[in-house]
Amino acid sequence: MNKIAKSNSTSALILAIDTSCDETSASVVQGTTILSNVIASQVELHKPYGGVFPTIAKQAHQENIDRTVKLALKKAQINAKNLTAIGVTVGPGLAPALEVGINYAKNLAQQYQKPLLAINHLEAHALSVLAQAQKKSVQTQPAKNLPTLAQRLPALAVIVSGGHSEFVYLDQIGHYQILGQTIDDAVGECLDKVGRMLELGYPAGPVLEKLAKHGNAQTYQFPLPMTTSQDFNLSFSGLKTAAFNKLEALQTEQLLNKQQTLDFAASFQQAVFRHLLHKLEKLLHALIAGKIKNTQQQILTPPKEIWLGGGVAANMTLRSSLRNITRKFNLPLKTPYTKKLCGDNAAMIGVTAFLNLNQIKIEQDWSKIDRQPQLNFPQK
Ligand code: KG4
Ligand code: ZN
């Protein structure tokens, strides 16, 4: 496929597809503006298993993909022949699930002779704050002088999802440095596992958030993990074990009534976020003091913004606690403009594809585009 003409134009139209886990999603974006973002959720199918079952995910993606893509094009009022490019998630994610989206995208790219871009799902969570809503009415106010993307960088992305928990420094699109990450469970995974013990269904993160609002977070005490380590890595498995042990004791003594469940949810959620934010605060202190270097041994400039992304970013308690910290450092906290952009969705894939149009290698040979289930941030 030829080079993309005027690829940096904000009018570039991209169809994006994400089938990395349990949502079949397709979206059309124009530049960083979302024209459509369709999500066919499989949550109900996986609920009986308390997690995502890969073969069921694959089958559901196969059943949903065609109508999801067609609906995304229809909602955006775009004919596929007018697309600039197609972007598809290649990883990280479940291999059988990724495969469905990749194969569909390859066929579509072949049929319409469009460039195909292989997109990293984690990078997309980090860049999801850059997605913009379509303006519905004619603006009466003059547009504010918004900073350009280059003026907003470097930024520190905080990715909190069901599969990942990472602090990532970005100084330009495609240039990332992981400054801290979980060494075991991800934040969302930990909330889901403890939620399962409380029989809250799957995914339990949003249910825990609701219960926690009515509970007293001071009732149960949990340890603060990794206080002696000098790095900015995270570990949630100790908290999870502490929660299991406490719950077992409460259940054995039949002490887990309704109010205690609410108090437990509030206490545990607070403990999880306290650890995340404690490490983030340490990291911000280190960045501002010029104590962190890149791989070329140059000191990293302090970030200008904090970008929150991933499924757990929808949690309002996390957002307000995080804002209390970023305020101390005089840093703006940016979150996706709608909660729909926090969980898995194809619009963030489209925005990432657009922002990468000039950097990403457009693969001429589509057979080389393949699943990368273990993909991490593209680091340079
Ligand atoms: O980003 P995501 O949709 O999928 C992955 O890429 O992993 O994240 C899913 C995770 C699940 O663990 C879910 O429980 C969690 O995000 N989650 C929440 C909330 N909404 C979703 N956790 C806490 N509070 C929420 N409101
Ligand atoms: Zn995700």
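Mentor: One term to start with: four donors count as tetrahedral if all angles lie between 85 and 135 degrees. Also keep in mind that this is a predicted model.

Trainee: Okay, what is the site of the zinc ion (ligand 2) then, going by the angles among its four donor atoms?
Mentor: Those angles run from 93 to 131°, so the site is tetrahedral.

Trainee: Which protein donors does the zinc ion have?
Mentor: They are His121 (NE2), His125 (NE2) and Asp344 (OD), at 2.0 to 2.1 Å from the zinc ion.

Trainee: And what spacing do the donors follow along the chain?
Mentor: The pattern is H-x3-H-x218-D. His121 sits in helix α4 (residues 121-127), while Asp344 is in the loop between β11 (333-334) and α11 (347-355), so this pair ties together parts 223 residues apart in sequence.

Trainee: Is His121 buried or exposed?
Mentor: His121 is buried, with a relative accessible area of 7%. Asp344 is buried too, at 17%.

Trainee: Switching to ligand 1: which residues around it come nearest?
Mentor: Of the 20 residues around ligand 1, the nearest are Gly162, Asp192, Glu209, Gly311 and Asn315.

Trainee: What does Glu209 do with ligand 1?
Mentor: An N or O atom in the Glu209 side chain lies 2.8 Å from a nitrogen atom of ligand 1. Gly162 places a backbone N or O atom 2.8 Å from an oxygen atom of the ligand, and for Gly188 the corresponding backbone distance to a ligand oxygen is 3.2 Å.

Trainee: How much of ligand 1 does the protein cover?
Mentor: On its own, ligand 1 has 550 Å² of accessible area, and the protein covers 86% of that.

Notes: Residues are numbered from 1 along each chain as its sequence is written. Chains are lettered from A and ligands numbered from 1 in the order in which they are written. This is a predicted model: local features need pLDDT of at least 70, side-chain atom pairs count only at pLDDT 80 or more; totals for chains, interfaces and linings use all residues. Side-chain values use heavy atoms; hydrogens and water are left out. Donors are N, O and S atoms within 2.8 Å of the metal (3.2 Å for Na, K and Ca); water is not among the atoms, so sites may look incomplete. Four donors count as tetrahedral if all angles lie between 85 and 135 degrees; four count as square planar and six as octahedral if opposite donors are over 155 degrees apart and all others between 65 and 115; anything else is irregular. Helices (H or I, at least four residues) and strands (E, at least two) are DSSP runs, numbered from the N terminus. Buried means under 20% relative accessible area, exposed over 50%, partly exposed in between (1.4 Å probe, protein chains only). A residue is near a molecule or strand if one of its heavy atoms lies within 4 Å of it. A polar contact is a pair of N or O atoms within 3.5 Å; within protein, one must be able to donate a hydrogen and the other to accept it, and residues adjacent in sequence count only if both atoms are side-chain atoms. Accessible areas come from the Shrake-Rupley method with a 1.4 Å probe; for residues, only the protein chains shown count as cover.
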